[in-house]
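Colleague: Could you take me through this model, please? I would like to begin with the overall layout.

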Amino acid sequence: MVMMDSDLQRPRILRPTGRVFTGRVVRFMDGYTREMRVGQPILVAVMTAAGLTQVLTLLVRTLLRTGAGGPARRSFKELKKGPEFLVTPMRLRDADGQLFEVELHGHLAQSAVHPGDHVQLTLRDQGDPDLPPRIERIVNITTTQWLTPRPPTVWSHLGPPLLLQAFVGALVLVLVLAWAITI
């Protein structure tokens, strides 16, 4: 028996091009972490507004002669680095038997999807032609479950305390500007 070059080739893995993909889960590949970048303009605006609140807080504490402030804030460099999140490549097979690859960002319950499950995925292009589309929503037709992976966001990375400080700082700035305009 003679093997031809086409017999030695591995199956070609495609990437879905549509927004919705229906198929069977073949396997989950080994996951890895990817870092999310934080845009510098957003970070500068949040840090500036939060800094205003921190200065006002220090001024009030100095006038009232109370003790030292709260915990130290994370540095600009640490905040710019962004959060890391889990990326799990998934292989799926469509009704025609073709093999496709997509990415699952964030965590999903281990019992939610198994190899062999029939799923319908809502996908989003990642903007990089080297990356397969990422999953936004999974409908596990086999178990009738609706699943949504939850990767971290820029706002969850910055955290509620810093965002609250930035909101208060922006509010103070707006009030001062409104008062200055009315004078």
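This is a predicted model: local features need pLDDT of at least 70, side-chain atom pairs count only at pLDDT 80 or more; totals for chains, interfaces and linings use all residues.

Colleague: How many helices and strands does the protein chain have?

Modeller: The protein chain has five helices and eight strands. From the N terminus on, the order of these elements is α-β-β-β-α-α-β-β-β-β-β-α-α.

Colleague: What share of the residues counts as buried?

Modeller: Of the 183 residues in the protein chain, 31% count as buried. The accessible surface is about 12600 Å², and carbon and sulfur atoms account for 60% of that surface.

Colleague: Now the strands. Which strands pair with E2?

Modeller: Strand E2, residues 20–28, pairs with strand E6, residues 118–124, in the antiparallel sense over five bridges. E2 is also joined to strand E4, residues 84–93, by four bridges, and these two run antiparallel as well.

Colleague: Which residue in E6 is the bridge partner of Val20?

Modeller: The partner of Val20 is Thr122. On the E4 side, Val25 stands opposite Leu92.

Colleague: And which way do side chains point in a strand?

Modeller: In a regular strand, they alternate between the two faces of the sheet.

Colleague: Changing topic: what volume does the second largest pocket have?

Modeller: Its volume is about 170 Å³. The residues lining this pocket include Phe28, Leu86, Thr88, Leu104 and His107.

Colleague: How many of the lining residues are nonpolar, polar or charged?

Modeller: The lining of the second largest pocket has six nonpolar and four polar residues, with no charged residues.

Notes
Residues are numbered from 1 along each chain as its sequence is written. Side-chain values use heavy atoms; hydrogens and water are left out. Two strands pair if DSSP finds at least two bridges between them. On a 1 Å grid over the protein atoms alone, a cavity is a set of points where a 1.4 Å probe fits but cannot get out, and a pocket is an open set with protein on both sides within 12 Å along at least five of seven lines; lining residues have an atom within 4 Å of a point. Grid points are joined across faces, edges and corners, and a volume is the space filled by probe spheres set on the points. Ala, Val, Leu, Ile, Met, Phe, Trp, Tyr, Cys and Pro count as nonpolar, Asp, Glu, Lys and Arg as charged, and the others, Gly among them, as polar. Buried means under 20% relative accessible area, exposed over 50%, partly exposed in between (1.4 Å probe, protein chains only). Accessible areas come from the Shrake-Rupley method with a 1.4 Å probe; for residues, only the protein chains shown count as cover.
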